[in-house]
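Reader: Please take one part of this model and go through it closely. Then show me what surrounds it.

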Amino acid sequence: MTRTARRTRRTLTMAGAGTAVLLALSACSSSSDDASEASDPSASAPSGEVSGPVTVFAAASLKESFTALGKEFETEHPGTEVTFSFGGSDSLAASITGGAPADVFASASPKTMKIVTDAGDASGTPVTFVRNQLEIATLPGNPDEISSLRDLTGPDLKVVLCDAEVPCGAAAQKALDAAGLKVTPVSYEQDVKSALTKVELKEADAAVVYTTDVRAADGKVEGVDFPESADAVNDYPIVRLKDTRNAGAAEAFIALVRSDAGQKILTGAGFLKP
């Protein structure tokens, strides 16, 4: 074989090897991309596209405003469905740590949110999205002429409070302590809506609830402000849960809650900005 022929053969062999290496690298890159997309469900979905169900556990005082936000969310994201579970924040937190399936938790106090974060069931850091202040709910027309927190200590007045483990109950107790007062209620309720219902049904003369609940009652009760409520304003934190089955929808719902449109609905219900 001539020197020229040997040189030509060596060149062709090296070129063929180079091509093989390039093909192998291309295959590895493609395989890696496929694996990445398989491990990240959102990788193949268009940016910003949200669909599917999302379950939100939220404090009872958020019922009216979150229901409105849920409808807004479903309108903005066709193909989604928001399911709510409203109740006392402590009970909701216990359900979450007990394994109840949920995507978002909105609590009426940092203390009850801490139950979830301490258990490692939150994804990321909770963010305060609104605040809420207390009022005294009385019967329409305020027949007992209640004008202050001190009036609730009257022996002939039937008063209802939230349980101390519930954020509205803890806030009420904080306000009473600030005023140096003691109230003996006819019952302790497990969430703020239950306390309000006692007054609506005339089973109680007054209840310490949130301003938002008085407003949501739409004339069924009358609200009385008291200065000690300024010492017991509750922050409301919200967080995506670690075991969410729909992280995209959960994050999108939280984004709506914190958006200008969401804040408009919440402040319109009587909540205070964070």
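Author: Start at Gly180. It sits just after helix H5 and takes a positive phi of about 70°. The model is predicted, so local features need pLDDT of at least 70 and side-chain atom pairs count only at pLDDT 80 or more, while totals for chains, interfaces and linings use all residues. Residues are numbered from 1 along each chain as its sequence is written, and side-chain values use heavy atoms, without hydrogens or water.

H5 covers residues 167–179. Helices (H or I, at least four residues) and strands (E, at least two) are DSSP runs, numbered from the N terminus. H5 has 13 residues and spans 18 Å from its first C-alpha to its last. That is close to the 18 Å expected at 1.5 Å a residue; the expected span is 1.5 Å times one less than the number of residues. Buried in H5 are Pro167, Cys168, Gly169, Ala171, Ala172, Ala175 and Leu176. Buried means under 20% relative accessible area, exposed over 50%, partly exposed in between (1.4 Å probe, protein chains only). An α-helix has 3.6 residues a turn, so residues three or four places apart point the same way.

On a 1 Å grid over the protein atoms alone, a pocket is an open set of points with protein on both sides within 12 Å along at least five of seven lines; a cavity is a set where a 1.4 Å probe fits but cannot get out; lining residues have an atom within 4 Å of a point. Points are joined across faces, edges and corners, and a volume is the space filled by probe spheres set on them. Helix H4 (110–118), H5 and strand E10 (234–241) each give two or more residues to this lining. H5 supplies the largest share, four residues. By class the lining has seven nonpolar, three polar and five charged residues. Nonpolar here is Ala, Val, Leu, Ile, Met, Phe, Trp, Tyr, Cys and Pro; charged is Asp, Glu, Lys and Arg; the others, Gly among them, are polar.

Follow E10 into its sheet. Five strands form an open, mixed sheet in the order E2-E1-E3-E10-E4. Its edges are E2 (80–87) and E4 (122–132), each pairing on one side only. Two strands pair if DSSP finds at least two bridges between them. The twist averages 20° from one strand to the next, with axes fitted to C-alpha atoms and angles from 0 to 180 degrees between N-to-C directions. E3 (residues 104–106) runs antiparallel to E10, joined by three bridges. Phe105 stands opposite Val239 there.

A second open, mixed sheet has the order E7-E6-E8-E5-E9. Its neighbouring strands are turned by 35° on average, direction ignored. E8 (residues 206–210) has five of its five residues buried. E5 (residues 134–138) pairs with E8 antiparallel over five bridges, and Ile136 partners Val208. E6 (residues 159–162) runs parallel to E8 with two bridges; Val160 faces Ala207.

One cavity of 30 Å³ or more is counted. The largest cavity has about 70 Å³. Of its 13 lining residues, Ala60, Gly87, Gly88, Val166 and Val192 lie closest to the centre.
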